[in-house]
Amino acid sequence: MRFDLDSPTRRRLGYHLIDQIDSFFASLPDRAVQLPAEQRTFTALNDPLPEGGEEAYKVLDEVFREMVDKGFHVPSGNYFGLMNPTPTYVGVMAEALVAALNPQLATVKRSQLASKIEHETVRWIGERVGWTGEFNGTFTSGGNEANFSGLALALAAKFPDAIDEGVASIGGQPVLYASDEAHHSIDKSAGLLGLGRKALRRIAVNEKLQLDPQILAQTIGADLASGKRPFCVVATTGTTNTGAVDDLMVIAEICRRYDLWLHVDGAYGGAAIFSNQHRILLCGMENADSITIDPHKWMAMPLAAGVILTRHPETLERAFAVAAPYMPKATESKGVDNSRISAQWTRRMNSLKLWLTLRVHGRKAYEEHIDRQLSLARVFASWVRSSEHFELAAPQTLPIVAFRIKATLSPEQLAEVHARIVEEVTCDGSRWISETKVNGHSVLRMMVISYLTEERHLHDLEKALTEAASRLAFQHTRSA
């Protein structure tokens, strides 16, 4: 079968797929997240490599049906899990358009309009941060790449020779800082950059689960006194476990005092810049040297879409620019080639889905979206406070609620009970929550992440949690 399908075939396949996607989207408000536990299978596929191929309509129909019937559906209104949203339908259409046109964003000369759209989207984001001077940035595959890029920028700014000579040329141990609750992505980035994971100082959190500024300042002072080379602090706006937002104003002042680069990991919570009402949650974010934001989290974009921004645009080229004789020369074009400001070379157009969604729905749609999800999280947190069985385990700041069973148990017993509650609540596949750890202790975690989630979904979850806790208490009483 040739790759160039004829027009009638393309139209038949395209219309059929759109009809199926439309039906899937219509089902999402009430769709189960996954199959019941007894029907889930995790065995590998063992089909041989196709030699001749099959009829396209049949294969497309089969794979869509199988993925819908047997898949794990994070876009469901009943998904209360990690930071994976229901994507906007306009975003889905944008992904199809990008796949069809397949623009290559490595250079402006080869993607004039596509590059302009990305640069404009980056400008919109930077302006919402509050930057008025020069700034720049680029889309990435997600938060890990964006945070990696932020640390690379910090290295390029504070140790310029390290870009050509390597981190061994720095002399002394370079050190960076992040909270103990939000170190995971930074840990990986430090390792990939050759700093070694020991370069990361994990700073204890305060009672609000924020990076503790006093401990941060004391640790930086001690590291300087011992001959180490502090260069960067990573603050977080919306930790994965609890949604905690660090005190950016105070941390920025510490960074100014010690001449350190401030990188803000706003992969999730940074999206609050699009809300006039809730922008105050990120007070001080404009003081950051670089920022990570993931539109494929709170901004409801399809995977994958991350962004790295900096108010020191010259540092982007210092960190990432590499000359290559085969790249198109852009002497007559305006704008910086994305290949010179990014860890990626071949560049997919990950910006179009956000640009189109903003064009079609506008910023005010995000204002309403953010406000609504925060309100729903407050409703659930209020239920937890009044619950006979549960109590809050952390302050609720963003639409993430960390809570625990009311019981006097050892850490091991608490983790076991929480795991059993999660199993009971999710066993029929209709909804999904998770268990995690905060300050080393087991907690239950729910998150309002789908724009389809309503109070009725919360009531169903509350009922399932109450029934699970009651059954476990009854079992405990009988066994005792």
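Contact, as the word is used in this report, means heavy atoms within 4.5 Å. The structure is a predicted model, in which local features need pLDDT of at least 70 and side-chain atom pairs count only at pLDDT 80 or more, while totals for chains, interfaces and linings use all residues. Residues are numbered from 1 along each chain as its sequence is written, and side-chain values use heavy atoms, with hydrogens and water left out.

**The protein as a whole**

The protein has 14 helices and 11 strands, where helices (H or I, at least four residues) and strands (E, at least two) are DSSP runs numbered from the N terminus. Its radius of gyration is 24 Å, close to the 23 Å that the globule rule gives for 480 residues, so the protein is as compact as a globular protein of that length; the radius is taken over C-alpha atoms, and the rule is 2.2 Å times the number of residues to the power 0.38. Along the principal axes, the C-alpha trace spans about 70 × 70 × 45 Å. Of the 480 residues, 52% count as buried, a word that stands for under 20% relative accessible area, with exposed meaning over 50% and partly exposed in between (1.4 Å probe, protein chains only). Among contacts between residues at least 6 apart in sequence, 73% join residues at least 24 apart.

Strands of a sheet pair through backbone hydrogen bonds, either parallel or antiparallel. Here two strands are said to pair if DSSP finds at least two bridges between them.

| Strands | Sense | Bridges |
|---|---|---|
| β5 (261-265) and β6 | parallel | 3 bridges |
| β6 and β7 (306-310) | antiparallel | 4 bridges |
| β1 and β7 | antiparallel | 5 bridges |
| β10 and β11 (441-447) | antiparallel | 5 bridges |

The loop between β6 and β7 contains A304, which is joined to L303 by a cis peptide bond with omega of about 5°.

**The sheet of 4 strands**

A second open sheet has 4 strands in the order β8-β9-β11-β10, with antiparallel pairing. Its edges are β8 (390-392) and β10 (434-438), each with a single partner strand, so one side of each is left without a neighbour in the sheet. On average, neighbouring strands of this sheet are turned by 45° against each other, direction ignored. Helix α12 (residues 363-386) lies across β8, β9 (400-405) and β11, running at about 15° to β9, whereas helix α13 (residues 411-426) lies across β8, β9, β10 and β11, running at about 25° to β11.

**S442 and its surroundings**

S442 has its place in strand β11, where this residue is the bridge partner of K437. S442 is buried, with a relative accessible area of 3%. Not counting residues up to four places away in sequence, S442 touches L414, A415, H418, E435, T436 and K437. Its side chain makes polar contacts with the side chain of H418 (2.8 Å) and with the side chain of E435 (2.7 Å); a polar contact is a pair of N or O atoms within 3.5 Å, of which, within protein, one must be able to donate a hydrogen and the other to accept it, and residues adjacent in sequence count only if both atoms are side-chain atoms.

**Loop residues with positive phi**

N439 lies in the loop between β10 and β11 and has a phi near 55°, a positive value in a residue other than glycine. N439 is partly exposed, with a relative accessible area of 45%. In the loop between α3 (89-101) and α4 (112-129) lies N102, whose phi is near 50°; N102 is exposed, with a relative accessible area of 60%.

Notes:
Axes are lines fitted to C-alpha atoms, for helices over the stretch in contact, and angles run from 0 to 180 degrees between N-to-C directions.
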